[in-house]
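Please consider the structure shown below.

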Amino acid sequence: MTTFKLLFIFLFSSSFLYAQEADQTASGLFVQDELKLLGSDFSFTEGCSPDKEGNVFFTDQPNDKIWKYGVDGKLSVFLKSSGRANGTYFDSKGNLVVCADANGELWSISTKGKVKVLLADFEGKQFNGPNDLWISSNGAIYFTDPYYKRDYWTRTANDMGSNDVYYLPKGAKQARRVADGMLRPNGIVGTADGRILYVADIAARKTYQYSIEKNGELSGKKLLMEYGSDGMTLDEKGNIYLTSASGILIFNPQGQNIGQIKVPHQPTNLCFSGKDKNILFITARQAIYKLPMNVKGIE
C-alpha cells in the first residue's frame, strides 16, 4: 500500500472518529427532538437573561418591549418603553441592565420597572448603539458598541469613529475603551471566575478570548473560533454557545466544535434558565424556543 493511501486512510479515519466524538458529546448535552417552540408572534426577539428564580426576560426591539417568560410557562410584558433595549443582563441586586440603543445608553431597570440611566455617552460622544453586555461578579460591566443604523433613530451619523468594547467599573460614571480593531463586536460573555472574556466580531466571523486583568483591562487577545455570533452563553463545563445562521454552535473551551442545535428560526441570543438553570432559552427573530439540557448554565 502506498504512503499516499495510508495517509488518506489515516486522515479519513481521524475525521470520522472526530465526527463521532462530536456527535456523542453533543448527544450527551441535549436531545434535539426536545426543542420546543414557545411563541412566534414577535417582530425581532433578542437579549434574553434569567433572573435568580430562573424566569427569562427578553426584548422585542422593533416593538420597544421587554417580555418575561416565567418558570410557570406564562408570557407577560415587563416593560413597554424599553429604550429600544437589545442585550440584557441581571446585576447582583436583581436589576435588569440593558443596552438601550434608542439614544446609545445603558439602563438599569428595577424589578418594578423604574429606569435609571447608568451611562449616556463616552467622553461627550454618543455611543454607536450598545448591543450586548456581561456583568462580572464584582459588578463591572463589559459591553459591545457596533454601529447598526436603526430606522427609528433621528440622528443621521455616528459620533464614534470605530466599533469597540467598553468597560464600566461598578459605580463609575464614565466607561473605558478596552478592546478595538474589530469590524462589529457583538456577542459577549465572561467566565464565572471573572478571568476570561469572550467577544464575537460578527462581521469578521471570529470570536476572541481575552484575559481580564485586576484593573479591568483586557489582555492576551486570542482568536478562539472562526465564527462570529450575535448572542453567547456558557455552561458549567466551560462550553461556549454561539448563535449562527445554521443554529446554535457549541464549542469546548479549546475552541473545538462539539455540537450543533438545529433551530427552525435563525437564533439571535440564548441563556440558561429555569429553577435549575438547565433549560436553554433561545430567542430566534420572530420566535422563542426552549430546550432541556443535561448541563447547567453559569450566568
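Is C271 buried or exposed? In this predicted model, C271 has a relative accessible area of 1% and is therefore buried. C48 likewise counts as buried, because its relative accessibility is 5%.

The two residues also belong together when the sulfur atoms are examined. The cysteine sulfur closest to that of C48 belongs to C271 and lies 3.9 Å away, which is too far for a bond. A disulfide requires the two sulfur atoms to be within 2.5 Å. C271 accordingly takes part in no disulfide, its nearest cysteine sulfur being that of C48. The count of disulfides for the structure is 0.

Attention may now turn to the aromatic side chains. The structure contains 16 aromatic pairs. One of them is formed by F57 and F90, whose ring centres are 5.3 Å apart; the planes stand at 70 degrees, so the pair is classed as edge-to-face. Planes over 60 degrees apart meet that description.

Elsewhere, a single aromatic cluster is made up of F42, F58, W67, Y69 and F281.

Finally, aromatic rings also receive charged groups. R84 is placed over the face of Y152, 4.0 Å from the centre of the ring. The ring of W153 has the charged end of R155 over it, at 3.7 Å from the ring centre.

Notes. Residues are numbered from 1 along each chain as its sequence is written. This is a predicted model: local features need pLDDT of at least 70, side-chain atom pairs count only at pLDDT 80 or more; totals for chains, interfaces and linings use all residues. Side-chain values use heavy atoms; hydrogens and water are left out. Rings of Phe, Tyr and Trp (its six-membered ring) pair if their centres lie within 6.5 Å; planes under 30 degrees apart count as stacked, over 60 as edge-to-face and the rest as tilted. A charge sits over a ring if NZ of Lys or CZ of Arg is within 6 Å of the ring centre and within 35 degrees of the ring normal. Buried means under 20% relative accessible area, exposed over 50%, partly exposed in between (1.4 Å probe, protein chains only).
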